[in-house]
Amino acid sequence: MLLSRVRPRRSIFRSITNASAQRHFANVSRLKVLFFGTDHFSLPSLKSIHSNLVNNGRVERIEVVTSFKAAKNPVKQYSRTAGLPLHDWAACTPATASRFDLGVVVSFGHLIPETFIDCFDRGMLNVHASLLPKLRGAAPIVHAIANGEQRTGISIMRIKPKQFDVGEILLQSAVSIERDTLMPELHDRLAAIGADCLVTCIEDLEGYYQRLTVQNDAEATYAPKIDPKFAEIRWHQATAVSVYDRYRALYGLRPLLTSFGGEVVKLFKLSFDSTQPVPAVPADRPGQLEYSKRSRQLLVRCGDGRALELLQLSVGGKKTLSGQDFYNGFLSKVSRSDRYFK
C-alpha cells in the first residue's frame, strides 16, 4: 500500500529563475474544478481549493455542487459568503460538469453517476477518511475508533463509477488514534489533513496520476452507515474497552443506549480507567450498577468484569443527570438485585 506523510511543500522554483518559472507555468494548464460536498468534513477541502484559486495556484475556477435540502449546510453557507457559484445536486446535470476539467468529491453522500464522471477529462478525486482499502464506506472515522484501531488516515483516490471507495490511490497520510481520542477531534484532524493532501495532489496532478496505486480488494474492510442500533449496548457481550470505544466513536453524534426499570437510558459521558485489572471471575450480572457514596462514583460492570464510570446520563428522555443524581433519584429506590442495566 502506498503510504506517505504530508510535509510542508517546498517551492519547486527555489533554485531557478523567474523566467524559468514562467515557462514552467506556461506548460502546465490551470484547472477548472467542480466541487461536490455537504458537511463539516467537506469544508476544509473547499476552503483550501478556494485559497489555491485566490493565490493563483493550479486552480483557475471553482464552483460548488451541494444539497440545498439541508438547513444547516456549511458548504452552502461558505460558498454564498465567498461568492462561489452554487449548484443544487437535485438539479445538476452532466452539462454543468462538462464545463470543468476536474471533479472533487468530499463527504458528499451520493454515488456520482458515470455520466458525470465521464465529463471530467482530468477525472474525479475523492478525499476518504481511512487508509484504503481499509474501512470503505460511509462512516470510516466512527468505525476506526469503535474497532479500537490505533491508526487511520486519509486517502486521495480516483472515483470509479458504480462503487464507493474502490479507485486507484494517489496519496495517503496516516495519523495515530490515541487511547482517549473522541470522534470530533479525529474528524477535525482528518478533515484538515485531507484538505492539505487534496491540494498537494491538484498541484501535481499529472505526477500523482503517473504513480497511482491499485487497491488490493482482498485487504478491504468496511465502514457502513451508522444506524440507531449501533448505539445499543448488550452488557453480557461487551467488554469495558469495547463499550468505551463505542462511546468515543459516537461522541458528538448520539449517546449510548441501554435501559433501567423499563425506561430508555442515554449515556452521554463516561470514563474508563484502563489500568484496572480484569477480574479473575467476571461479573455475575453484566450491566450491574454500583454507587460509592464516599467517592460519589456511579459504576457499571461490563461482561469482562471491568467497570466504566458514568458521568452524565438521562432516564426516559428527561433531563441529564450526574451519577449522584441518578443514584438519589433512581438507584437508591430499588433493591440491590434490580440495580442493573438491561
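Me: Which residue is the bridge partner of arginine 301 in β12?

Reply: That's alanine 307. Before we go on, this is a predicted model, where local features need pLDDT of at least 70 and side-chain atom pairs count only at pLDDT 80 or more, while totals for chains, interfaces and linings use all residues. Residues are numbered from 1 along each chain as its sequence is written, and side-chain values use heavy atoms, with hydrogens and water left out.

Me: OK. How many bridges do β11 and β12 pair over?

Reply: They pair over 3 bridges, in the antiparallel sense. Two strands pair if DSSP finds at least two bridges between them. Strands themselves are DSSP runs of E, at least two residues, and helices are runs of H or I, at least four, numbered from the N terminus.

Me: What's the strand order in that sheet?

Reply: β8-β9-β12-β11-β10, 5 strands in an open sheet with antiparallel pairing. β8 (256-260) and β10 are the edge strands, each pairing on one side only. On average, neighbouring strands are turned by 50° against each other, direction ignored.

Me: Which strands does helix α9 lie across?

Reply: Helix α9 (residues 240-250) lies across β8, β9 (263-271) and β12, and runs at about 90° to β9. Angles go from 0 to 180 degrees between N-to-C directions, using lines fitted to C-alpha atoms, for helices over the stretch in contact. Contact means heavy atoms within 4.5 Å.

Me: Switching topic: is histidine 87 buried or exposed?

Reply: Histidine 87 counts as buried because its relative accessible area is 16%; the cut-offs are under 20% for buried, over 50% for exposed and partly exposed in between (1.4 Å probe, protein chains only). Histidine 87 sits in strand β3 (residues 86-88). Leaving aside neighbours within four places in sequence, its contacts include Leu34, Glu63, Phe68 and Arg99.

Me: Now the backbone. What's phi at arginine 296?

Reply: Near 60°, a positive value in a residue other than glycine. Most residues other than glycine have a negative phi. Arginine 296 is in the loop between β10 (289-292) and β11 (297-301), and is exposed, with a relative accessible area of 54%.

Me: And what about phi of serine 107?

Reply: Also positive, near 50°. Serine 107 lies in the loop between β4 (102-106) and α5 (114-117) and is partly exposed at 26% relative accessibility.

Me: Last one: is the peptide bond from leucine 132 to proline 133 cis or trans?

Reply: Cis, with omega near 10°. Most peptide bonds are trans. Proline 133 lies in the loop between β5 (124-128) and α6 (140-146).
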